[in-house]
Amino acid sequence: MRYREDASLDTSNVEDRRGGGRGRTLAVGGGGLGVVGVVVVLLLQLLGGGGGGGGSSADALGPLLDGLGEGQSASNEELAADCRTGEDANTRTECAVVADIESIQAYWSGRLGKRYTSSDTVFFTDGTDTGCGAATSGVGPFYCPADEKVYIDLAFYDELRTRFGAEGGLFVDAYVLAHEYGHHVQDLLGTNAKVRQGDAGPTSGSVRLELQADCYAGTWANHATTVPDDSGAPLIEQISQDDIDRALDTAGRIGDDFIQKELGSGTVDEQSFTHGTSAQRTQWFTTGYESGDPARCNTFGTSDLG
């Protein structure tokens with residue numbers, strides 16, 4: 001994956017809180033690509049964060065906290081100084097993520113028009129406060145419908161390689177963000193309202209929500225090299241077959257069955273599924289990528305999830 005070297009990067013949709021996290025033990029679940037399981041399901045019920053029932057939880061909960069923890073501050077000055085051009089994106093992870101956010105949001109703005117409203121991504125370290133409650137990096141990246149923001153500890157990208165065994169790479173990093181912004185699109189379209197908080201199981205609304213977000217990520221990937229930035233030229237110059245293969249490798253390592261068997265108890269419990277199997281996640285990303293059409297991502301309109 002390569003970014004256009006002379007492209008100007010826009011950091012205005014990033015809130016950089018790195019270095020101020022408190023590393024608390026309570027995490028907000030749902031939507032993210034991190035470790036899933038019973039704890040996440042329970043937190044979905046308690047906090048209403050992430051995927052299931054996102055539309056109603058925003059109304060019911062409101063911003064529980066002001067979004068910054070004690071001792072935390074948010075400033076984009078250093079990020080803006082470091083991430084100026086596409087050349088920076090080709091050499092620095094955080095700059096690549098800035099470029100990804102810009103491209104993903106430009107894609108969805110073009111698809112949805114006035115229905116799309118911008119969502120900020122929060123960079124944090126260890127832990128932070130969100131509109132959905134206190135969060136730690138242990139849950140992985142996630143979307144909070146209560147404040148309509150994406151949250152990520154960039155160390156998760158290292159964890160994908162070291163803990164999950166994924167191949168990683170710039171496009172894998174972009175896939176992670178595109179999945180979370182898929183949840184933002186679901187929130188805007190009211191899809192979250194179709195899912196009961198705490199819903200779990202192989203055909204549950206939570207699984208359908210996650211697989212649709214994977215499919216939405218695939219549709220962006222299909223169009224990524226043609227999505228223009230403010231200059232009118234594409235921000236992303238190249239996505240190779242190797243990039244796609246790496247994304248599929250990652251999708252295969254973040255399914256409920258893989259995580260439960262390889263990183264959990266060793267036993268697969270389908271009734272606790274909240275994100276779908278590895279095969280399903282791979283299939284739905286591929287559906288989005290090959291079709292490039294979000295209408296093909298109707299996981300709620302099919303009895304065959306793969």
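**Exercise 1. Find which residues Tyr-157 touches, leaving out residues up to four places away in sequence.**

Step 1. List the partners. Tyr-157 touches Thr-93, Val-97, Ile-152, Asp-173, Val-176 and Leu-177.

Step 2. Know the source. This is a predicted model, where local features need pLDDT of at least 70 and side-chain atom pairs count only at pLDDT 80 or more, while totals for chains, interfaces and linings use all residues. Residues are numbered from 1 along each chain as its sequence is written, and side-chain values use heavy atoms, with hydrogens and water left out.

**Exercise 2. Describe the largest nonpolar core.**

Step 1. Define it. A nonpolar core is a set of buried Ala, Val, Leu, Ile, Met, Phe, Trp, Tyr and Cys residues joined through side-chain atoms within 4.5 Å. Buried means under 20% relative accessible area, exposed means over 50%, and partly exposed lies in between (1.4 Å probe, protein chains only).

Step 2. Count it. The largest nonpolar core has 60 residues. Tyr-157, Leu-160, Phe-171, Leu-177 and Trp-220 have the most contacts inside it.

Step 3. Assign it to elements. Helices (H or I, at least four residues) and strands (E, at least two) are DSSP runs, numbered from the N terminus. Two or more core residues come from each of H5, strand E7 (149-152), helix H6 (156-162), helix H7 (170-189), H8, helix H9 (241-251) and H11. H5 gives the most, with 10 residues.

Step 4. Look for another. A second, separate core has nine residues, including Val-122, Ala-135, Val-139 and Cys-144.

**Exercise 3. Find the disulfides and work out their handedness.**

Step 1. Set the cut-off: a disulfide is a pair of cysteine sulfur atoms within 2.5 Å. Such a bond is covalent.

Step 2. Search the whole structure. Three disulfides turn up.

Step 3. Take Cys-83 and Cys-95. Their sulfur atoms are 2.0 Å apart. The S-S torsion is about -75°, so this disulfide is left-handed. Cys-83 sits in the loop between helix H3 (77-82) and helix H4 (86-89), and Cys-95 sits in helix H5 (residues 93-112), 12 residues apart. Cys-83 counts as buried because its relative accessibility is 2%. Cys-95 is buried too, at 0%.

Step 4. Take Cys-132 and Cys-144. Here the sulfur atoms are 2.1 Å apart. The torsion is about 100°, so this disulfide is right-handed. Cys-132 is in the loop between strand E4 (127-130) and strand E5 (133-136), while Cys-144 is in strand E6 (residues 142-144). Both Cys-132 and Cys-144 are buried.

Step 5. Take Cys-215 and Cys-297. The sulfur distance is 2.1 Å. The torsion is about -75°, so this disulfide is left-handed. The pair links helix H8 (residues 205-223) to the segment after helix H11 (278-291), 82 residues apart.

Step 6. Number the bonded cysteines in sequence order. The pairing is 1-2, 3-4, 5-6.

Key: Contact means heavy atoms within 4.5 Å.
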